[in-house]
Amino acid sequence: MLALQAYENRVCPLCGMPIGFCHDYDRVHEAFAGGEVELCFVTEMREQAMKQYRESGSVNSNAQTTSLKPRIIDKQ
Ligand SMILES: [Zn+2]
């Protein structure tokens, strides 16, 4: 647990990169030319599942989570 805590203390909670890098304006601007907006399809799928659950009317708490259902792929 101490090793995990030490690791998390060095990782930025916003971007997940080492704080020594992402909090250094010059290093970040030297490494990257800018950012692009992308879509996480896993999060989109989870959001859709939560939307359907909320719309079902059976929601009585905010403790829901989601899991993804693997497709059965026939590899013949
Ligand atoms: Zn950061």
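Author: Phe-21 counts as buried, at 15% relative accessibility. Buried means under 20% relative accessible area, exposed means over 50%, and partly exposed is in between, for a 1.4 Å probe and protein chains only. Residues are numbered from 1 along each chain as its sequence is written, and side-chain values use heavy atoms, with hydrogens and water left out. The model is predicted, and for this reason local features need pLDDT of at least 70 and side-chain atom pairs count only at pLDDT 80 or more, while totals for chains, interfaces and linings use all residues.

Phe-21 lies in helix H2. Helices are DSSP runs (H or I, at least four residues), numbered from the N terminus.

Next comes the ring. Rings of Phe, Tyr and Trp (its six-membered ring) pair if their centres lie within 6.5 Å; planes under 30 degrees apart count as stacked, over 60 as edge-to-face and the rest as tilted. By this rule there is one aromatic pair. The centres of the Phe-21 and Phe-32 rings are 6.0 Å apart and their planes meet at 75°, so the pair is edge-to-face. The pair links distant parts of the chain, 11 residues apart: Phe-21 is in helix H2 (residues 19-22), and Phe-32 is in the loop between helix H3 (25-31) and helix H4 (41-55). Whereas Phe-21 is buried at 15%, Phe-32 is partly exposed at 41% relative accessibility.

Helix H3 also holds Arg-27, which is partly exposed at 44% relative accessibility. Arg-27 and Gln-52 are 25 residues apart along the chain, and their C-alpha atoms are separated by 43 Å.

The zinc ion has as protein donors the SG atoms of Cys-12, Cys-15 and Cys-22, at 2.3 to 2.4 Å. Donors are N, O and S atoms within 2.8 Å of the metal (3.2 Å for Na, K and Ca); water is not among the atoms, so sites may look incomplete. Along the chain the zinc donors follow the spacing C-x2-C-x6-C. Cys-15 is partly exposed, with a relative accessible area of 44%.

The last topic is cysteine bonding. A disulfide is a covalent bond between the sulfur atoms of two cysteines; here the term is applied to a pair of cysteine sulfur atoms within 2.5 Å. By this rule the count is zero disulfides. For Cys-40, the closest cysteine sulfur is that of Cys-15, at 17 Å, which is too far for a bond. Cys-40 is partly exposed, with a relative accessible area of 40%.

How values were computed: Helix = DSSP H or I, 4+ residues; strand = E, 2+ residues; numbered from the N terminus.
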